[in-house]
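The structure comes first, then the points grouped by topic.

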Amino acid sequence: MPLNIWKAHEQYFLRMQRNKEKKSMEKMEESNQCKRKLRVCVATCNRADYSKLAPIMSGIKSHPEDFELEVVVLGSHLIDDYGNTFRMIEQDDFDIGSKLHTIVRGEDEAAMVESVGLALVKLPDVIQRLKPDILVVHGDRFDALALATAAALMNIRILHLEGGEVSGTIDDSIRHAISKLAHYHACCTRMAEQHLIAMCEDHSRILLAGCPSYDKLLLPHHREDYMDIIKSWLGDKVQEGDYIVALQHPVTTDIQHSIKIYGLMLDALISFNKKTLILFPNIDAGSKEMVRVMRRKGIEQHPNFRAVKHIPFEQFIQLVSHAGCMIGNSSCGVREAGAFGTPVINLGTRQTGRETGENVLHVRDADTHNKIYHALELQFGKRYPCSKIYGDGNAVPRILKFLRSIDLDEPLQKTFCFPPVKDPISQDIDHILETQSALAVDLGGTNLRVAIVCMRGTIVKKYSQPNPKTFEARMELILKMCNDAMRDAVGLNCRILGVGVSTGGRVNPQDGVVLHSTKLIQEWSSVDLRTPISDALHLPVWVDNDGNCAALAERKFGHGKGVENFVTVITGTGIGGGIIHHNELVHGSTFCAAELGHIMVSLEGPECMCGSRGCIEAYASGMALQREAKKLHDEDLLKVEGMDMKLSEPITAAHLINAAKMGNSKADAVLTKAATALGVGIINILHIVNPSQVILSGVLASCYQAPVQHVISQRALFSVQNIKVVTSDLEEPALLGAASMVLDYATRRIY
């Protein structure tokens, strides 16, 4: 082939290749552009669901490159008697695409059914016009059931918020029915996720997001104008924490009984004689009768009451946050109020089965005025640790990420997972282990340390500062380090479940109070650690002493894993430890159990820092060895040939140990005596508690392991002579133990 023809062919093929690549790139860009734009329709039915949906709507609106937002308003939003709350949606600068009047008045069972039917008649035209890719539906209201039914029948994908939860009334059945119609789920708690999986929902389509309203709740809630808000609703004379918020709805499966409870609640509130902000009930069957009861008792004219139909959500959370108490059966009491530690009295069965924090006092059989009045006396004015059972303030980013991951090309037909999954965590164990994390705080005599610890026991990030000498400076530093760690945790993909604190001294873990401190930590007695940390971080907080934390660390991450009964002995500056008996930590009646360093092994031994004589700590602690090393040094009996020891450096236990290793008989005799004292003390523990294993932890553990095992084999009762003494493999037992308190309990939702 001539050269010029060959070149012409070559240029032709190059042009063809370039055109092909250009078309391919254009097609890919067009495909990506189509994939990025997701048309999301958010439907809101009432003031309650809007508080959950509004943060998501704001998130969608703030990402126009990814989403197109359509808003549909129906239900009680459009009724004057319920505040015409659609106006607050417009005030929030959302364009309402459709307003559907779907409520048939009557406030009885038949009216609820007719309202569902009317909504089903009107919704198809709206859905056909909007053509959404996905419909976002919230909760368990009858209006939401109509929305889910219409969307499912019209082949529109559904994202259901807050499915899998359990409560009383017909709401439970409606919620689960919507979950079965929905294609995707964004739930609030681990238990709700497990319920959805048990209902055979596909685990890959379930997002554990948390409650979207918590994204607003957990912003700093002490707004500067909160007193202006309180006074605007309750009058100028009312004080923070000296009023009650009341919100009671009908129970549709037992209307007459719920009306009776409502009347008893009003009587108790009148008798209690505190300023009360009372909201009108929702539109469920029975609400009209409840309003009649309220008017018969003259509540709207009573000087202690302010009855309102609606309060904007941002103002409502301020009122709840600073209330002396909240009473009724609203889900807000068992969910949102916990974020502020506001005391709550939950009346009747409407919220039966809901997960609650310790701030909720249940009066399920609220059959007398006196019972409700007594509950008010118990709860009013208390403050509880802030609870984050329902969210951590990051729900919206998770939901938006979840929406972006939806593949519109995958089959629309739902698939169910039969049989129910027994262990849902195993479905996504890597995600759980990497993201479920704890903040661990270790208060030592020298340093204050904070760490982010994940479920595996890996320390993701650690922070250390010198421990201040005063209480105020110490608390300020703890909160600052914890806040720094919380900020870093977001970037590290770690969801913080709570805070665990390990500290020296005697601790009441039930109240989170340091009762008596060691001499190494000054100004550290009768200190409530739980409340200020929980209030500042909005997290549950656990507190225990460092010895118990070391035992907990071994139980979860170390040699104690799977061992029902064992003892951990810390050998460091002092001697401490913890006892695990039948898989549980032993605290004792006055929280003094496992003070292993103060077991007496001699009547006339050296003086201990506790004031007694002959304690293990007086023989075998790092301070005791340092004391003996100084004595030998003063007598010029410590240093041996070949031992490197500078004149300027302070004498420590390490010098004694090195001297013994290099053949110093005096130093070796001190160590032998210390190991014997420790061994005798451990024999006492073996004879009393009879554990199956002893774990030595701390910097001196490797020095003591072999001689202590020898002492046990020589001096203990025959039945315990073969019990193994092992050294811990954990580098940070105090931090890991503090983290284990959070990881073991927070994931089980025990508060």
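Angles between axes under 35 degrees count as roughly parallel, over 145 as roughly antiparallel, 65 to 115 as roughly perpendicular and the rest as oblique. The model is predicted: local features need pLDDT of at least 70, side-chain atom pairs count only at pLDDT 80 or more, and totals for chains, interfaces and linings use all residues. Residues are numbered from 1 along each chain as its sequence is written, and side-chain values use heavy atoms, with hydrogens and water left out.

**Helix α21 with α23**
- Helix α21 (residues 622-634) packs on α23 at an angle of about 160°, with the axes 11 Å apart.
- The two helices, α21 and α23, are therefore roughly antiparallel to each other.
- Leu 625, Glu 628 and Leu 632 of α21 make the contact (heavy atoms within 4.5 Å) with Lys 666, Ala 667, Val 670, Leu 671 and Ala 674 of α23.
- By class, the residues of the contact of α21 with α23 are 6 nonpolar, no polar and 2 charged.

**Helix α22 with α23**
- The axes of α22 (residues 653-661) and α23 (residues 665-689) come within 7 Å and cross at roughly 115°.
- That makes α22 roughly perpendicular to α23.
- Leu 656, Ile 657, Ala 659 and Ala 660 in α22 meet Ala 667, Asp 668, Val 670 and Leu 671 in α23.
- This contact of α22 with α23 has 7 nonpolar residues, no polar ones and 1 charged.

**Annotated position**
- The unreviewed UniProt entry annotates Asp 546 as "active site"; such annotations may be inferred rather than shown by experiment.
- Asp 546 lies in helix α19 (residues 546-557).
- Asp 546 has 33% relative accessibility and so counts as partly exposed (between buried, under 20% relative accessible area, and exposed, over 50%; 1.4 Å probe, protein chains only).
- Leaving out residues up to four places away in sequence, Asp 546 touches Ser 502, Thr 503, Gly 504 and Ile 570.

Notes. Axes are lines fitted to C-alpha atoms, for helices over the stretch in contact, and angles run from 0 to 180 degrees between N-to-C directions. Helices (H or I, at least four residues) and strands (E, at least two) are DSSP runs, numbered from the N terminus. Ala, Val, Leu, Ile, Met, Phe, Trp, Tyr, Cys and Pro count as nonpolar, Asp, Glu, Lys and Arg as charged, and the others, Gly among them, as polar.
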